[in-house]
Amino acid sequence: MTRTDPSPGASPSLLRCAAAGIAAAAVFLGIADVVARFFAPSSSPLVALGNTIIGASPPGLQEFAISVFGSSNKLVLFLSMGLGGAAAAALIGMLARRSLGLGAAAFAVVAASLAAVVLTRPDAGPADAVPTLTGAALGVSLLAALILTAWSAATRSQADAVAEAAASRRAFLGLAAAGTAAAGVSFALGRSVRTFGREAVGAVGRLVLPSPAVRAAIVPESASSGAAGAAPFITPNSDFYRIDTALAVPELHPDEWTLRIHGLVENEVMIDMHELLELPLEEHHITLTCVSNPVGGDLVGNASWLGYPVRQLLAEAGPLPEADMVLSQSIDGFTASTPLEALTDERSSLLAVGMNGEPLPAEHGYPARLVVPGLYGYVSATKWVVDLEVTRFDRETAYWTDRGWDERAPVLVASRIEVPSPLETLPAGDVVIAGSAWAQHVGIERVEVQIDGGEWEPAELSSEVSIDTWRQWRHMFSDAQPGRHWVSVRAISADGEVQTGDRRDPIPNAATGRHRIDFEVQ
């Protein structure tokens, strides 16, 4: 429909047409999102677009998002896409005010672009375009209905047909409200919102875990610092940090899961979940750390992991002498490059199926993932793992190494202060200072604190459970006097490495520096 009435009063307002565009876009994406529940995770155009944005973002931008927003970075991305999408939809609505044909064409171009994005995802097939096309058809239909209704109201107002104009305005508002409500319900039931739930993919099929053939060491009370407010020795699943590139948690039923080991090996190995659970599984306490963890940050956690030693699986495959790397791949296409020696030496590298006595939570890799002590997660902790290719560093690269990160990524000795909290106000007298330190697969020998620029003083170390876990510590600041105070901490690993005080950004291999906090004594 092209505007022909020369009188300005005969056209609908820009605001009303912008609202029509936004309502139509909301219906489009909401319907597509709910239909996507019956297809692959990336069949939702919002999810596919978000994953594409993550993959195309430069490392500096991704690091900024993780350091500022932490585990909420995906929610921030969704909200940003929503604001950008609303602005684009408003422009399409205003274009439809001048020509409904042009507005509908612009809407179709956007929908086609999103369908193309969906089809480029690693786990997508032709049928995965159905949610986008279904949502687009309903969205453009609503756009046409709203624009025509808005024009009807404006034309009748110009002709002084007051009753008819009021009826048309009510029809517009009713149609827009109904569309918005439908979009809201669709999003609530759809795939994107489930990304932020604790059980992001629901009970797609629960494993019954066998008893471990090798049990983890019993954690004594002395492994905890005992300080009020300090982190527990074992991090609850619900509090364990989540940093990955999957905007929507992949859905992989255990009956459909297999792991393929191939490449520079004597024998290709395939194993399914039934076969894996029949093997003698081992349980180990292992601390994982994100390379993007800022100094003193919370992107670190300790859990009891149940799984089968990766070295045993690789031994069955028989890596060839020239191999020095294993390229692991997730069901969603993410890759990580792990030094072969870290998967074949004596450390407790696991193909894990359990976490803290339960099947892996969906957001932490259900039904199977890798857990490797001593390496940052981006080169070792592949979730939803389905493929291990034995290869060489000079032949293959991985997701994060392609973006400038270190290819081997050993964990650096680090520590943090957990109590007091920054800028906390405390009563005068004895003040407990406590926290955690880690140097996975090496171990922590000492922790020292410095108060108000004085000498470094030894902290009291909690019992060591394993060199692969963090070690908690505490220190008593005796007879603290009123005023502003500060404290810094450093750890010394079992091989004598002293945590550096030099500040460095996370890229290419973890932030460095010593954690310091200020607090007030009254």
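User: Is H364 buried or exposed?

Analyst: H364 counts as buried, because its relative accessibility is 2%. Buried means under 20% relative accessible area, exposed means over 50%, and partly exposed lies in between, with a 1.4 Å probe and protein chains only. Please note that this is a predicted model: local features need pLDDT of at least 70, side-chain atom pairs count only at pLDDT 80 or more, and totals for chains, interfaces and linings use all residues. Residues are numbered from 1 along each chain as its sequence is written, and side-chain values use heavy atoms, with hydrogens and water left out.

User: Where is H364 placed?

Analyst: H364 is in the loop between β8 (358-359) and β9 (369-371). Helices (H or I, at least four residues) and strands (E, at least two) are DSSP runs, numbered from the N terminus.

User: And which residues does H364 touch?

Analyst: Leaving aside residues up to four places away in sequence, H364 touches N237, F240, Y241, R242, M355, R369 and K383. Contact means heavy atoms within 4.5 Å. N237 is 127 residues from H364 in sequence, yet their C-alpha atoms are 8.7 Å apart.

User: What about P367, where is that found?

Analyst: P367 is also in the loop between β8 and β9. The peptide bond leading from Y366 to P367 is cis, with omega near 10°. A further cis bond runs from V419 to P420, where omega is near -5°. P420 belongs to the loop between β11 (414-419) and β12 (425-426).

User: Now salt bridges. How many does the structure hold?

Analyst: The structure holds 10 salt bridges. A salt bridge is a side-chain nitrogen of Lys or Arg within 4 Å of a carboxyl oxygen of Asp or Glu. One of them pairs D244 with R242, with the closest N and O atoms 2.8 Å apart. R242 is buried, with a relative accessible area of 11%, and D244 is buried at 15%.

User: What is the N to O distance between K383 and D244?

Analyst: The side chains of K383 and D244 meet in a salt bridge at 2.9 Å, N to O. K383 lies in the loop between β9 and β10 (385-391) and D244 in the loop between α8 (191-194) and β1 (258-263), so this pair ties together parts that are 139 residues apart in sequence. K383 is buried as well, with a relative accessible area of 9%.

User: Which residue forms a salt bridge with E448?

Analyst: E448 forms a salt bridge with R490, and their closest N and O atoms are 2.7 Å apart. This pair links distant parts of the chain, with E448 in strand β14 (residues 444-451) and R490 in strand β18, 42 residues apart. Both partners count as buried, E448 at 11% relative accessibility and R490 at 18%.

User: Changing topic: how many residues does helix α5 have?

Analyst: Helix α5 (residues 100-119) has 20 residues. The helix reaches 28 Å from its first C-alpha to its last, close to the 28 Å expected at 1.5 Å a residue. The expected span is 1.5 Å times one less than the number of residues.

User: Which residues of α5 are buried?

Analyst: L100, G103, F107, A111, L114, A115, V117 and V118 are buried in α5. Seen down the axis of α5, these buried residues fall within an arc of 160°, so they line one face of the helix. The arc is that of the directions from the helix axis to the C-beta atoms.

User: Which non-glycine residue has a positive phi of about 85°?

Analyst: That residue is A510, in the loop between β18 (483-493) and β19 (516-521). A510 counts as buried, because its relative accessibility is 2%. N356 has a positive phi as well, near 55°, and lies in the loop between β7 (350-355) and β8. N356 counts as partly exposed, at 23% relative accessibility.

User: Finally, how many helices and strands are there?

Analyst: The protein has 11 helices and 19 strands. Of its 522 residues, 53% count as buried. Among contacts between residues at least 6 apart in sequence, 76% join residues at least 24 apart.
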